[in-house]
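Please read it alongside the sequence and the coordinates.

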Amino acid sequence: MPLTTPLSVLALPSVSPVATGAQVSHVITPLPAKGSVQQVRLVFAEPDAEITIGRRCFDVRVQKQVALQNFDVFAESGGTMRVVTKAIPKVAVNDGALTVTLTPRDGETILSGIEIIREGL
């Protein structure tokens with residue numbers, strides 16, 4: 001198994017089909033090493049030209065731990081169709097599965113991609 005898994009293998013929908021107030025979890029399995037520590041890179045891009053700052057905000061948890069609070073893709077990336085990547089270091093994976101949970105505060109959640117890199121290699 002390569003050190004990084006290509007995004008094409010772990011591709012997720014660009015927009016999660018949830019309404020405001022709903023929560024969505026993405027579970028990635030199997031990961032190559034149980035009981036390992038991973039760096040998780042979350043990739044976001046705002047596709048909606050009508051969105052402005054504060055109109056799509058959500059919390060992100062990785063393995064039930066808060067990774068990002070009140071995250072605003074538009075504000076963080078600097079506009080529509082711009083990518084922002086957030087690295088979450090030292091994520092423990094004990095059961096061979098990685099869970100990323102998105103909880104909306106305003107608007108729908110969005111996750112454009114995930115990269116998982118085993119730490120210590």
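An open sheet is formed by three strands in the order β5-β2-β7, with antiparallel pairing, where strands (E, at least two residues) and helices (H or I, at least four residues) are DSSP runs numbered from the N terminus, and two strands pair if DSSP finds at least two bridges between them. The model is a predicted one, in which local features need pLDDT of at least 70 and side-chain atom pairs count only at pLDDT 80 or more, while totals for chains, interfaces and linings use all residues. Residues are numbered from 1 along each chain as its sequence is written, and side-chain values use heavy atoms, with hydrogens and water left out.

The edge strands of this sheet are β5 and β7, each of which pairs on one side only. On average, neighbouring strands of the sheet are turned by 20 degrees against each other, direction ignored; the axes behind this angle are lines fitted to C-alpha atoms, for helices over the stretch in contact, and angles run from 0 to 180 degrees between N-to-C directions.

| Pair | Sense | Bridges |
|---|---|---|
| β2 and β5 | antiparallel | nine bridges |
| β2 and β7 | antiparallel | six bridges |

Within these pairings, Lys 86 in β5 is the bridge partner of Leu 42, and Ile 117 in β7 stands opposite Gln 39. Strand β2 is largely enclosed by the rest of the structure, because eight of its 10 residues are buried, buried meaning under 20% relative accessible area, exposed over 50% and partly exposed in between (1.4 Å probe, protein chains only).

Setting aside residues up to four places away in sequence, Phe 44 touches, among others, Phe 58, Val 60, Leu 68, Phe 71 and Ile 110, contact being defined as heavy atoms within 4.5 Å.

Asp 59 is placed in strand β3 (residues 57–62) and, at 19% relative accessibility, counts as buried. A polar atom of the Asp 59 side chain lies 2.7 Å from the backbone nitrogen of Asn 70. Beyond residues up to four places away in sequence, Asp 59 touches several others, including Leu 68, Asn 70, Thr 101 and Arg 105.

Gly 79 sits in the loop between α1 (73–77) and β5 (83–93) and is buried, with a relative accessible area of 6%. Apart from neighbours within four places in sequence, Gly 79 is in contact with Glu 46 and Phe 74.

As for confidence, the protein chain has a mean pLDDT (the predictor's confidence in each residue, from 0 to 100) of 81, and 80% of its residues reach 70 or more. Over residues 1–21 the pLDDT is below 50, although this stretch has 43 contacts in the model beyond near neighbours in sequence. Where pLDDT is low, the predicted coordinates should not be read in detail.

Definitions and conventions:
A polar contact is a pair of N or O atoms within 3.5 Å; within protein, one must be able to donate a hydrogen and the other to accept it, and residues adjacent in sequence count only if both atoms are side-chain atoms.
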